[in-house]
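The two exercises below are meant to be worked through with the sequence and the model side by side. Please try each task before reading its solution.

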Amino acid sequence: DGQDLYFASNKDREFTALTRLNLESKSSDILYEGDHDVENVSLCAADNYLAFTTNHDGFDRLHMIDQRNGKKFTAKALPEGVYSLSCSSASDTLLVRVNGFDRPGDLMTVGLNSGKVKTIFRSNYAGLDPSRLVKPESVTMPAQDGVTLQGLLDMPRKNQETPPVVFLVHGGPTAQARPTYNATVQYLVDQGIAVFATNVRGSTGFGRSYVTLDDRKKRLDSVRDLIDMLAGLKADGRVDTDRAAVMGGSYGGYVVNAVLAEYPDAFKAGVSLFGVADWVTALEVASPALKAADLIEYGNIEEKEWRDFYTKYSPIRQAGKIKVPVLFSHGVMDPRIDIAETETMVRALRANGIDAPYIRIPDEGHGWRKLSNQLFYNRRQAEFLLEQLGTE
């Protein structure tokens, strides 16, 4: 009847809950809540069903509510991964796009009445053998201040006792490493290198408080998380943390630059893709939309307190502390982060006698879009990591 609005909200709570708001009375009630974020809320089949997902350490679960009787049920036959939902008011079928470690994007239908799952489109592997693709495992460990940290660990299938490991740091920082298909990760794992996709504090998907733990002057706490994660994986024993590298792009590239400067003995190598090196410049040239969010995340760069803070702690002014080889790369047409930041880092490391290979891609911006550039870069990146870490 157009009187109710359905959405996910974390108002007055830690995790987002499925919420109904009556537009006439302005009253609201909670239809579903738990210890995981509700996402992808969809109203289906003449408003008879609500479909939504919950985020469990990055893995989605699909839930449905029959509004006619309040019955709740979960679709358990879907492959593991991250789901996108689509439905109409005229059909009792829900369309689900599944992006998982072994499927770039299958399309499946779920009968809202029957719960029956049917695949209508399978991913094209373009000649790859899907049996060689590796499923990530959620791994948690404590930070030194008691915060629980989480990441997704991909282990090589090759017969080796303790492989080297690459820490992969996502961008954002308000984002989450999730078990979607990642060609770069699968390529490295197939080369015999384990990959640990980190969700340091500040990541989404772990509650309202967790996403704020890296705000403003707590920024370096999230950098320190990588050191605590390294200790956690050492205690776990499945990877060789003495042969560990750290890799990331954009904000993740900043974390690479920062952790190698703040903790120069922790990692054997780094890979920084179009990363932030100077927060003063990056915050000044941000778009108006980004600047609005940046006030909460980073503080106001126009104020002396924050300008002094980022002048001191930007990696570009601490590059002299870095002692290990770093592979840098940047697209000439990057509209987000000035290529000069990466080139300043390269010059600083080389001036100190540190190996700093640099890939400058003239026809790319903030990331690699063209297949030829992706193929070239990923091969060079794997070569660099194998040179620095080796495999047994």
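Two strands pair if DSSP finds at least two bridges between them, and helices (H or I, at least four residues) and strands (E, at least two) are DSSP runs, numbered from the N terminus. This is a predicted model, in which local features need pLDDT of at least 70, side-chain atom pairs count only at pLDDT 80 or more, and totals for chains, interfaces and linings use all residues. Residues are numbered from 1 along each chain as its sequence is written, and side-chain values use heavy atoms, with hydrogens and water left out.

**Exercise 1.** Work out in which sense strand 8 and strand 9 pair, and over how many bridges.

Solution. Begin with strand 8 (residues 82-86), which pairs with strand 9 (residues 93-100) in the antiparallel sense over five bridges. Within this pairing, Tyr83 lies opposite Val98 of strand 9. The hairpin that links strand 9 to strand 10 runs through two residues.

**Exercise 2.** Determine the angle at which helix 1 and helix 8 pack.

Solution. Helix 1 (residues 183-190) and helix 8 (residues 371-389) pack at about 40 degrees, and their axes are 11 Å apart; axes are lines fitted to C-alpha atoms, for helices over the stretch in contact, and angles run from 0 to 180 degrees between N-to-C directions. The two helices are therefore oblique to each other, given that angles under 35 degrees count as roughly parallel, over 145 as roughly antiparallel, 65 to 115 as roughly perpendicular and the rest as oblique.
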